[in-house]
Amino acid sequence: MMNWSQLIKNLLLLAFLHLSVVNINAQTGVLKGQVRDAYTNKPIPFASVVIFNTTTGTMTDTLGRFEFRDLDPGFIRLQLSSLGYNSLITEEYNISQVRNTSVQIKLESATESLEEIRITASPYAVRPEAPVSLRRIGIDQIEKSAGANRDISKVLQSFPGVGSASTFRNDLFVRGGGPSENRFFIDGIEIPNINHFATQGATGGPVGILNVDFIREVDFYSSAFPAGKGNALSSVFEFKQIDVDVDKPTFKGTLGASEISLTTLAPLSEKTGLIASVRRSYLQFLFAALDLPFLPTFTDFQFKTETRIDDRNEISFLGIGAIDVFEFNDGASPTDENKYIIGYLPVNNQWNYTLGTSYKHYFENSYLSMFLSRNHLNNEAIKYDDNIEEPENLNLNYISDEIENKFRTEYTARPNQWTLNFGAGAEYINYYNRTYNRTFIDGQPSEINYKSELDFVKWSVFGSVSHPFFDNRLTLSGGVRMDANSYSSQMNNLLDQLSPRASLSYMILPEFYFNANVGRYYQNPSYTTMGYRNTEGDLVNKQNGLTYISSDHFVAGLELRPNDHSRMTLEGFYKLYDKYPFSVKDSISMASKGGDFGVVGDEEVTSTSKGKAYGFEALYRTKTNKGLNMIAAYTYVRSEFTDYKGDYIASAWDSRHLFTVTVNQTLKRNWSVGMKWRYVGGLPYTPYDEDKSSLKVAWDAQFRQYLDYSQYNTKRLEDFHQLDLRVDKTYNLKRMTLGFYIDIQNVYNNQSAQAPELIQQLDDNGESIVVNPDAPLNQQRYAMQELNGTSGTVLPTIGLLIEF
């Protein structure tokens, strides 16, 4: 058995020895930018620009431009102020000594009354429409977070309300909602899924697609969603990419925990810049080393161009895509667990992409934004009995395409301290599904064999308004959104999906606030559910009256800003769900599905389930000028949905307790250290049905256990906790930046118990044992045994970053 503690010591010793033999001259970087009005895009001259928490500053010139030279590489913020504008503290910028860092900063005009209370600029996100439930995540947190390995989904687990089910997946359960209830936007363009090997019909997966070299910051809404961002019930994520105004080509190579990548920034013309990357995984080697029975491999790409046509017009293009390939590990040890997994697991291959463009035109005191995009997911899965590829052994053959073509336009204005935003959107959807699957239903072997093609249109209108009152002590915000589509008469009336929302923020004291929000939100059922057909070709769920899912949110809390680098919040939340799809086959709410690989939603449902999720969150964040960045977050959450009797029972995401402490500390000589300790309450699970599972005809239909849904979620796993550590070191060479990190997940090797599974007993020849071979075929049973597995292991990673 590997001695992990000795390995860790050797890695750390190697790092310190490397430091002692390398002689490096200090290098510096350049930050240049331009300050503009947020609504007119006009340059702001003579604005004060100060490096936050320092005395180093400058003024913008007549064109709003500024520049800092001889900056130490690393992360910095800027503090800006100008007469007639609200002060601003920016997000973090990553200063590099290899390339100049260019930024565009927008300031909002301030009230004209000199008697009104001046609100101190905060380094944390503050928005009138979302005074609660909004967290901003900076690039320093993403780059250096322990246990995350530059995977944004794992970074998000440090924040309140965010749960997870396992150590090897990126499913996000926000405030008791399932992984199908989240939406992701990059520079205003919606991305259906941000993970490789995505679960179709949900949003989870094992590894993130996004390259963090592109990301400047992330806004995470767990309620109070912007009116322009629809089709979400639990969370909205807005990823904002870096500015790509560069003066010379630069390159960055990264060797991470699961992939190797190459990123380039380059000027394409005087007004256009490009950032592009390609990544290739080596997960197959890691999985082989861990003796896992399957070997996944992925490749992804990402690019963005940005063109500032003139002071009134900007346009950008972006693209992101992935190719995911899966194969079995023939060299895996023939353990009972490996044989069981290989026995039921299909070969699953995927590819997907999103291409989009955004255009912005500025008027005198407002601007118009337009977004056009297309995304496509292709998902294939095939399974043969005993993995012998013969026609008579075919058990599953699934192929599906989801294509969305989207257009959205928004108009934003700021007349007399009123902030207005309104717009409309349209989408054309194409869905295709070809499914063959042997199964076992109602005590009989059966086949699911259908082909489905579906085309329909979605449309939406939305608007919001906000305004400060009583000398800026009170800020009120209200909005409304309406959605509809042409799928059925149950969904084609905008008024049936009327989604109002309102927020307030009241300043009790200059550093103490009361915040609240109430809103109703709607989400379209998954395309797999909308496109499901029976063997006669009928759209079963359309006939069952399938409709939009709704969720009413009630949130209130207190916020304390004790100083200019800390924030404390306490929020209570209550969510009520209605018309959630209910599984006819399993008699459970579809709200509890979607946390595993494969496809979710392709079955008969009725829009009859109700649910509720409630609890509270406590958050403390601080970022000091001595390099300390800390997040401490606790969430108590209950999540319950109705069963076939209408009784509320715990959902699959009812973790109850979530507690995370994340600490990053910057040290001298370009060292930094970080840790994350996470405690997750045990999730409920459903015990297996041994009587049904042991039937030969039932087992041979899916080669794995059946759950006893009459005892749905009556069992609960043990609580789990894990400690991750990370050490970073950066060397600034003459024409190159060299960085490395050591990331150790689950340092004390805590094992997370998994739900017990039922597997076949095998004889000495590896054959299944039939306990009653003389009985009729439909009564024969396999000899079974229980498999009690665990997940979690010490996982050290060495990462290397080279920029030149």
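Is Leu-509 buried, partly exposed or exposed? With a relative accessibility of 43%, Leu-509 counts as partly exposed, because buried is under 20% relative accessible area, exposed is over 50%, and partly exposed lies in between (1.4 Å probe, protein chains only).

Before going further, keep in mind that this is a predicted model, where local features need pLDDT of at least 70, side-chain atom pairs count only at pLDDT 80 or more, and totals for chains, interfaces and linings use all residues. Residues are numbered from 1 along each chain as its sequence is written, and side-chain values use heavy atoms, with hydrogens and water left out.

Back to Leu-509, which sits in strand 30; strands here are DSSP runs of E with at least two residues, numbered from the N terminus.

Three strands form an open one in the order 4-1-9, with mixed pairing; pairing takes at least two DSSP bridges between two strands. Strand 4 (65-71) and strand 9 (101-107) are the edges, each pairing on one side only. Strand 1 (residues 29-37) pairs with strand 4 in the antiparallel sense over five bridges, with Gly-29 partnering Leu-71 and Lys-32 opposite Glu-67. Towards strand 9, strand 1 pairs in the parallel sense over seven bridges, and there Arg-36 stands opposite Lys-106. Eight of the nine residues of strand 1 are buried, so this strand is largely enclosed by the rest of the structure.

Finally, the aromatics: the structure holds 33 aromatic pairs, meaning rings of Phe, Tyr and Trp (its six-membered ring) with centres within 6.5 Å, where planes under 30 degrees apart are stacked, over 60 edge-to-face and the rest tilted. Phe-251 and Phe-804 are stacked, because their ring centres are 5.6 Å apart and their planes are at 25°. That pair links distant parts of the chain, 553 residues apart. Phe-251 is partly exposed at 33%, and Phe-804 is partly exposed at 42%.

Definitions and conventions:
Helices (H or I, at least four residues) and strands (E, at least two) are DSSP runs, numbered from the N terminus.
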